[in-house]
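I opened a notebook page for this model.

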Amino acid sequence: MKTNDVIIQFTTKIVFFIIFFFSIHIFLAGHYTPGGGFVGGLLTSSAIVLLVLAFDLNTVRKVLPINYTYLTAIGLLLALATAAFPMFLGKPFFTHFFDYFDLPLLGKQSLHTAMLFDSGVYLVVVGVTMTIIQTIGEDE
Amino acid sequence: MLQVLYIFIPMLAAIFVPLLYKSIKNIHTGWFVLAVPATLAIIYASYIGKVADGKVFLQELPWIPSLDISIVSYLDGLSLLFSLLITGIGSLVVLYSIFYLDKHKEKLHNFYVYLLLFMTAMLGVVQSDHLISLYFFWELTSISSFLLIGYWYSRDASRFGALKSMMITVGGGLMMLGGFILLYIMGGTYSIRELIVMAPNLVQHPLFTWSLVLILLGAFTKSAQFPFYIWLPDAMEAPTPVSAYLHSATMVKAGIYLVARFTPIFAVSELWVWLVTGVGILTLFWGSFFAVKQTDLKGILAFSTVSQLGLIMSLLGASALAFHGNGATDTIKYAAFAAIFHLINHATFKGSLFMIAGIVDHETGTRDIRKLGGLMSIMPLSFTVAAIGSLSMAGLPPFNGFLSKEMFLTAMLALQNFEFFGFDTWGALFPIIAWIASIFTFVYSFYFVFRTFTGKYKPEKLPHKPHEAPIGMLISPMILAALVVTIFFIPNLVGDTFVKPAVQAIQPFLYDSPKDIDIHVAAWHGEITPELVMTFGIVLLGVLLFVALPKWQGIYQKFPRALTLNNAYDKIMLGLDVGLNRVSRLYMTGSMRHYLLYMFSSIAAIVIGSLFVKNAFTVSFQDTSPIRPYEIILVVVLVIGTAITILAKSRLTAIIGLGAVGYTVALFFVIFNAPDLALTQLVIETISVALFLLAFYHLPKLGKREERMRFQLNRAIVSIAVGVMVTLLALSAHSQKLIPTISKYYEETVYSKAGGGNIVNVILVDYRGFDTLFEITVLGIAGMAILAMIKLRMNRKEKSHENK
């Protein structure tokens, strides 16, 4: 007998985006309010896990054709590059820079290199959690 | 610089030996090697005249200047004598080995490399004035001797003998190193000359006795004294040139050299005198007694070497008495002279005897004395050399052994006249033991030569048809035998050139120059001396015992095997092996639970112990915040969750209990104002509970019985102790804060300097981003590890296919 998951699949399609945008919000707001790359990354992966639960691994892989090991590597490289970049300017390892800019639409905002580092964290967290879940899920 | 470099010439020459061996096939490699000791012997011979006049030569090669370690070559009478023995007998042995070892069948390059290495080591030992370099060369002799004994490494007995000699001599060497270090602590210098000068001050030092005993252990193990002699008979598995060189003339005399060299430092001690003399005389008797039991030619010679080394050792012990009171004017001063004189004589006759044993082995195919006999007419030259050597060993005129044996008896007789240290009562024992040992020496000397060369010829028992050895093989033993006879006729020439400078090195306080030593060796003193009477007794009883040998040789079989020292050695080695194995198996159970128990109980014991020993446990509730109802509620939930986890019967309940604990902790973070932590804790807890459930689901069906964790008292005690430890630690850490927290700085600069508002996040990515960088690396590694563990299970799958 084939089960029909229409309700959960329909709800997921909406809830996925809510969780995903919430995770992006938490990630971006991390420097000023609770949140940051780690929690943001975990929430993003939980949104993806929700997709996996409602559909199945192969469907999700078709929708999101991401190699999560590459994602982990990219995140690590990004974090390392951000940390190492100041050394080329004669500053110590891990010096961050920030300044305030007037951006179109958004108004006066600060841009901070810590954000790049945090993106690295975000990518690693998403990559690793999804790698773990995917490998365990696929295992016979 | 040259004098120090002479030591290293053999070692440097050893580099070229394999090249010569591989490239020049038709000339025996030994011929090239022969040049090295021969040249060195000539070089050292050029020092003889000046050293005999009392000059010394000193040269220093800095090695590790910052640690005050250098290689010092110090040539005085004693070290020159040994250097000449090493290079002189070394040349003869190399010459002999050219004819003994076949250039087609043997790995000659190995042999000569080891031999040259040994030569450097030995020269270094006798010339080093520096304690550390002396030890360095000392261990090099042990190692090169190990390699030489195990030269025929495919034989079990060779490997056993090599290992045994290594264990014993290196063990002793380590003791000696300890003694050296203690000497350095006492004297503040590594130089033996400087230590000798300050010897009177060293006696009072509490470490003096320790250093004395440790250094003597080194000397006794190397020189095969009782009870460490057991390695020497087993070392006879080495090729005969090696036995002749290492185990009669040079290496086994390293301990003798050490005792002689340190006599000026330690002679003031009564313990030294008694240990050296007593062990020496015991070894003399023991070795001569058991030499008669041996059936192997080299075995007889090995025990004979042990015995003769004991003789020299006891004489050196007696020579130490000359440092006390009237000793110098007494006949006791003969002791040092006799020791050195006999050392030279022993090197000559024992070297030749070993070479003869090798010749007999080489030409007949056996060394078993029961199969030999009647070789006199077949090998007349060998017999002549053997007879000269044996009669000298037995102490008969006209051979040099007679002279040194007379002086030995003189010194032993003089012991009882010595008034200190209880020698006036116990001293009388020494000449008696010496006399009995000399009788046995006489017996085994005759046994060696007459059982081999006279009696019935038994060709059917011999593997080869015997014939006289090639003349090249006989040259070396003949030269040595010629020396044996020559020294008898010119003892005073030898005495003046070699012995007296060495005696002056042993007793520097007594003589200013070697010329002051007024000892004159004579074969016949013009009157009937007590020594001469004793010698007559030795000959008489020796002949009687030798003739009656078949009648009493049976007593050796009565000696129980279980009481022998070899048995003790085997038992100790086996016991160490088995015992240590058992001990480690006792606690290395392989069970993770046991190891965790050890770890936790030791952590708890150490922390609680030091809390109370250091009086560090204090509790104060001054800094604590008021307790609110939320916290009480949460603690209750937490405790219930923990109790469920521990006491649950089903694993599922335990997992859920654990989840409850995790979420409660998240709630704690909420009420203690840590929103970032609360968020992360919630998500992570969810994921880990999911992973636990996954693991639970995959538990194997077989043997999966749901049962409550069994109660075990020791585990409960350890867990409670660890809990108590952590609680006490936390309480006292909270009660005594030494420095204020640094978090004020973060609060002040988070906006102005770091451009952020969330302190936690700013710390994570900015102030302490380094930690975060490696934490995400850890995360990445964990992810890759899980991937690898699950995806790369090829092996197990292949195996399971095999099982099907």
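I call a residue buried under 20% relative accessible area, exposed over 50% and partly exposed in between (1.4 Å probe, protein chains only). B:Y229 is buried, at 7% relative accessibility.

The model is predicted: local features need pLDDT of at least 70, side-chain atom pairs need 80 or more, and totals for chains, interfaces and linings use all residues. Residues are numbered from 1 along each chain as written, chains are lettered from A and ligands numbered from 1 in the order written, and side-chain values use heavy atoms, without hydrogens and water.

**Rings.** I searched the whole structure and got 51 aromatic pairs over all chains. Phe, Tyr and Trp rings (six-membered ring for Trp) pair with centres within 6.5 Å; planes under 30 degrees apart are stacked, over 60 edge-to-face, the rest tilted. B:F226 and B:Y229 are stacked, because their centres lie 6.4 Å apart with planes at 25 degrees. I found both in a cluster linked by ring pairs, whose members include B:W286 and B:F440.

B:F337 and B:F341 are tilted, at 6.1 Å and 40 degrees. B:F337 is buried at 1%, and B:F341 at 0%.

**Interface.** I counted 37 residues of chain B in contact (heavy atoms within 4.5 Å) with 36 of chain A. The two chains bury about 3100 Å² between them, 75% of it on carbon and sulfur atoms. That is accessible area (1.4 Å probe) lost on being put together, summed over both parts. B:V765, B:L773 and B:I776 supply 18% of the area that chain B buries against chain A, more than any other three residues.
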